[in-house]
Structure formats: structure tokens, C-alpha cells
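Reader: I am new to this structure and would like to go through it in questions and answers. Please show it to me before we start.

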Amino acid sequence: MASKFEKLEEYAKLGERGKVSIPQVLSAIPLRSNLVVFPHTVISFFVGREKSLASLEYSLEKRNRFILLITQKDSAIEDPAVEDLYDVGTVAEILQLLKLPDGNFKVLVQGLKRAKIDEVVESDALFLFKITELKPKYKADAKKLKAYMKNVQEAIRNYAELSKNIPVEALSALEDTSDPDKFADLVCSLLQISVEKKEDLLKTVDPVKRLDKILTILFEEIGILEVEDGIKKRVKQRLEKNQKEYYLKEKLKAIREELGAEEETDPIIGEFKEKLKNGNYPKYVREKAEHEIKKLRETPNYSAEGTVIMNYLDWILNLPWTNSTRDRLDLRVAKKILDEDHYGLKQVKERILEYIAVRKLNPDLKSPIICLVGPPGVGKTSLGKSLARAMNRKFVRMSLGGLRDEAEIRGHRRTYVGAMPGRIIQLIRRSNTNNCVILLDEVDKMGQSFQGDPASALLEVLDPEQNSDFTDNYLEIPFDLSKILFITTANVLYTIPPALRDRMEVIRIPGYTTYEKIKIARGFLIPKLLKHHGLDSFDVTVTDSAIKIIIREYTREAGVRNLERTLASMFRKVAREVLEKGVDKIRINSRNVKKYLGIPLFTEQERLPEPTIGVAMGLAWTEAGGEVLQIESALIPGKGNVLLTGNLGDIMKESAQIALTVVRTKAKEFRCDPHFIGKNDIHLHVPEGAIPKDGPSAGVSMATSIISSLSKLKVRNDIAMTGEITLNGRVLPVGGIKEKVMAANRVGIKTVILPKENEPQLSEVPEKIKKEMSFVLVRNIDEVFKSALLRE
């Protein structure tokens, strides 16, 4: 704005001008903040609005420095029209103009003459009016004028003594003024009255009539101030020394006694009553609020109890008891939004679309409680946002990770200092709807403490049969949660209490395949990161082979969070190269990707370069997806001791003992001494000892590794296996088949041994990966040995 009116700075430096008559056409500045400028007064104000600055510039361009000051009828209007202004104002002379750091101007003016607007010349870019001066008309003799002036002077002195707001210098200036017109205007500028009364005084041209009106106003104001002073004195007499903090409350009581009024004088209570009157609340909420308002009225102001009641009323009157958003139940739009935000995740998307379809057919359907379980970075949290967007609902999120206090869910009772509702009610108030989507993140990471069990508190929240009458400890009245769609997320299920798990519909989200990650990077991550790093206007391309190397050698995860981080790191280096070398086109491929990312963090060491004795490739499931494990064993002369290393859990140690027993029963078939255990020690090791490992699915790998060490037969290096083993050699099914197969494919292993009973789970494996691999389905350990060992 300052640049547009830069000439104002030059005009502000102009010196004194000669005597100039007031022109008939003047630019005008609308005044706000109940400001009325009277003639014969000097006043300063701030100018920042565009029309006002244009009016200033027009006035100074004409070299006359005259401006018309008109008061707005409503000071809240930012861009007033002509009809929003009073028709009488004051012609003022601009004495000083000062530019402020924020671009506004401070203007010092002196009121000169009253003026009436006769004609509007311009009102679009600035206000330009044709005016008529209103000259004072004296209709009384000199004695009457002196009498009025004397009475007004005495009244203004009393008024100043009571109000304590008029400076002594102003009273002295009045005593030195003999001109009735100037005297009246100076008194008007000192009165603290409404803008309507000030405007009426400004329109009164006759000084005698103006002085008469001033005298009436002064007597009214003096009477009010005297009553108020009397109230203060009576209130002070009632109060004891230890009750001074209740001063305002007692003052209000005294006012009501003085006026004999029955209406509500406490503005806070009045606000609560108005909100209750105009709001749409259930009957039990209305009754509770009325009861609390009655208690608040009888409670001394600024007491601790009064603050507690006010906070409580603020909560219950601002909750969306009946406020809902209208659901969008268009399956086509929902599917489009879900596909825009996420690639793959077919099972979850189908379940969401099924819910929307049933909801459309049955609007009274209770919302399901969905639990999305999967490794980090696969899009569980963002799926909740997409669902809310698809259904046109508000979305709020709460993290349950590390939560140990039950009161975080249910709230604290009002007897505690600083009590508040629980996080569920807080989220609902933030969304301002009673049918929002609430995402409860990391539900598997809640804890317990002496403060209670938050998982137990969630039982009522996440039970469709109970949550229609959820009662927060703070509110003490039920709130209907049945319209809210709750979505929880977890990495694992076994840490969630069974009772809570039973209330949720579990949908597993597996890790992404390399093919899916390439699609996600190509369609979602790379365009977003290019824009974020300011590279979208440059020709920067990343080939699929480069993305594949980044996935396999720099991230190694089930989701895409680290992939996004690594791509961001790469694009930061690209941005620097673009600026330093001035290139416009950069192509990142498999040959130069290491130039941007450095030494690979992971290598293909999981797959052995050649068949080896005593080393079998096992498959494991972790929170981050599938992993390939090298299970090693060695026989050394000894007394039959079994040594297990690699940070193994109890279940895995038991699997090792079972595998050893199975090998002893099969020793003769491999022409080995069945009593080998008495002459040798066996050492079984799973590398990466810093990482805890557990579970029964490594049983077949351990047995293969031990039989290889005993028989000196090599284990194929292009085959991996998983399966639980029993004492009689049967191979039992295990979980995480999709993730394990994907892990084998990731490291280049093309053959996987699986339990026969896991054959149905192969349907979850993407077709592209299944075509690249072969599967050996086994029922017992003999079939495993037959496929995994290289016999001479």
C-alpha cells in the first residue's frame, strides 16, 4: 500500500503553505472508533485504508491541505459506502504527516469549519464531495451567551472531578476562551459520550442551542457518575478486608438494588443463558446447564468454584451434541479419492467401499470399529484421512503410543484442580461434529500404570453396543459416540488386550512389493518431492532401475517412509547441482544413483554366493515386513552340549531342540552315526545377534542346517524355507507367507519351500512375483531335505 501512495512521503516533507480559502470540492476520510472531530480542536489519527490514503494524496496534490473528516455510522464496516457516512463533518487542515514502519500514516489535523455534504463527486477510488460551510448563527444576546458559558464551565469542572479523565490543561484552555462557538466545540471534544450524541452536537450550528444541549448532557453524565460514586462507597462499606476480591460482584448487586432491575447483569451468565436459549441441545444437557448456571449465579465472583463452573459450562455448551456433517455416499467418488491417495491396498479399499454402500442402503447402520494392522510406512494413518475425505467428514487424530493414564480417555472428575474432559471429547469439540472420523494411532503401544489401564477405558469407546451412552468423567452426562467412525492402527496384534481386540474388525495391510514401491514412487512420491524441492520446472527424471536400487540397497523396509526420505536426500543434492552447475536436465539411473546417495546401506549378502555346508536360508516375519535369515550350524568334538546364539527367544530355542531331535531320528538315512550327539557339541547360530528373534517358523531351516553339518551335504543357495516342525517330522503352517515370499524375491531367491497347508495364502502374493518364483509345498521334513540338500 505504501508503494502505491509513495508521493505521500514527499508531501509530508512540504513546508508551510500560504493562506488558502477552503474549496467547494474536498476529498474526505471516513473516521472509525467512534471518533468525531470538532472545529477548533487539534487531533491525530492513523490512516491505512486505500480510499483514505487516496483522499490524503488528492488533498496534498491540490496544495491546499484541506480534508473533510466524516464519521462512519458503523465503525465495523471496513469499506464504507456514502450511505454509511453522516452528512455533516468537519473541514480540517493537515498539519503534519508521518509515515509508520507498517506502511500506514499518522496524520495531525486541526478542525476548522463545519461542512455539509451537498453532492457526491466521486466514491469509487476515493471520497470526493461538494460541500457547504455551516457558519455559526448567533440568535441570543451577549448576556445569555455568557450565562450559558459560565454554567457549562462549572458543570464541566464537576464532571472532570468525578470522571477523573479530563486533563487540567484542557480546563485551563476553556477558561481562556471567550468565543462561544470555539468554547462549545472544545467542551464537545472533552465529553465521553456516544457517537450519535457527538454527531448531533456537530450538526447544531447555533452556539446557544449547542451549549444548551451540552449542559443537558453534562447534568445527565454528572448524575450517573454521582450514582456510581455512591454505589462504590456503599460497596466499600459492606466489604471486609478479606473480601476485596468480590468487589465487582457486590458492585453489580448494588447496581441492581439502585435500579430495581430484574434482568441479568452478569455478562458471563448472560452469555451462557443466551447460548443455551439459541442452541439445539438435548433435554438432559439443557437441564444440567440450567442447574450449573443457577449455581454460578449464587457463587461469589472470581472464586475457585465459580471458575470451575464456568469452564464446565463452556465445555458442555460448545460440544456438537446435534451438529453433523452430511455424508457423501457416492461409491464412484469414494473409489476415485482412495485411488488418488493410495496405490494398492485392495482389501482395505474394498472394505471401506462396502461400508459406504451399506451405509447408503441403511442410514441407521452403526459405524464399525476398524483396526488397520501392518508394518510402519504402509499408509495406515493416511488411509483414515482419505476415508474422511471420501465421506465428506471431519478428520481428527489421537496418538495412543505410550499412553498410561486412563483419565486421558475418560477425563478427570471436576473435583480435581485443572480437570478437563478426556481426549475423545476434546477431539469431538475440535471437529465440531458428532459424526467425524477419529483415528486412534498406535493402539498396540499403550501401557499400564498405577493411574489405570487406558486399554480398558477404550472398551466402552470402541463398543458399538455401549458407546451411544459414553459418559466422560468430567461431563457426567452421556455423549453419543455411535455416529463416529473409529479407525485404529497397530503394527502388531499380540500386544493389544484380547477384550479390546475382540471389539475391532482387523484388516491386515501387508508390506509393499518392489513393483508396488516403484509405482508409488513414480506416481506419488517423486512428483510431490520435486515440487517440494522446487525442481518441478526442471527436467529431472528418475528411471525405474534407479528406484529399484534405492529400494533394495538404501531402504529395505515394508513401507515407503524411508524411501521417501532417501528420495528427498537425493533431490536435495540434485537441487544443489542445478544451481552450482547451471544444468536444466538431470537423469538419474542405475549407473549414477550412488553418486547422489553414497555407499549402499544394504547389500545382497543374505544370499550365499554358492551352496554351503551347514548354512540354510530361513524366512522370518518382522514388523517391518519379511526378512531372510542365514541359519548356521557346526559340529565340533565335545560331550553333547548344544549352544544356541543370535539373541533367540524361548520359542525359537525350543524349535532348535525339536530340530535336533528330528535330525537324530533321521541320521541313519544319511549314513550317519545316530549317537553323534554324545561325541560332538552342536553350535547353532543366527547372524545379526543384536536383533531379537523368536517364533516357530525357523524349525525346518534349523533341521536342514544341522543335517547338512552332520552329513556334510551342501544346502542349495538358491532356495529359502519356512515352516514349524514337530517331533515326528511333520511341517506345520506358519503366518506371514506373503511378506516372506516377497523377502526371498527381494534378495534374488527364486525357490521357496512352504508348508502344504499354507497353499491358500499364496493367493495373496502378487501375480508378478509368483510368475518369477517356484514353490515347493511340503508335508514333512523328508520332502524338505530332498529339495534343499545337494546329494552326490
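Author: Helices (H or I, at least four residues) and strands (E, at least two) are DSSP runs, numbered from the N terminus. This is a predicted model, in which local features need pLDDT of at least 70, side-chain atom pairs count only at pLDDT 80 or more, and totals for chains, interfaces and linings use all residues. Residues are numbered from 1 along each chain as its sequence is written, and side-chain values use heavy atoms, with hydrogens and water left out.

Reader: In which loop does arginine 671 lie?

Author: Helix α23 covers 650–666 and helix α24 covers 676–679. Arginine 671 lies in the loop between α23 and α24.

Reader: Is arginine 671 buried or exposed?

Author: Buried means under 20% relative accessible area, exposed over 50%, and partly exposed in between (1.4 Å probe, protein chains only). Arginine 671 has 82% relative accessibility, so it counts as exposed.

Reader: What is the phi of arginine 671?

Author: Most residues other than glycine have a negative phi. Arginine 671 is not a glycine, yet its phi is positive, at about 55 degrees.

Reader: How does glutamate 442 count by accessibility: buried, partly exposed or exposed?

Author: Glutamate 442 lies in the loop between β9 (437–441) and α17 (454–461). Its relative accessibility is 24%, so glutamate 442 counts as partly exposed.

Reader: Which residues does serine 705 contact, leaving aside its neighbours within four places in sequence?

Author: Serine 705 is part of helix α25 (residues 699–711) and, at 0% relative accessibility, counts as buried. Contact means heavy atoms within 4.5 Å. With neighbours within four places set aside, its contacts are Gly614, Val615, Ala616, Ile631, Glu632, Ser633 and Leu684.

Reader: What is the radius of gyration of the protein chain?

Author: The chain has 28 helices and 27 strands. The radius of gyration is taken over C-alpha atoms, and the globule rule is 2.2 Å times the number of residues to the power 0.38. For 792 residues that rule gives 28 Å, and the chain is well over this, so it is more spread out than a compact globule, with a radius of gyration of 42 Å.
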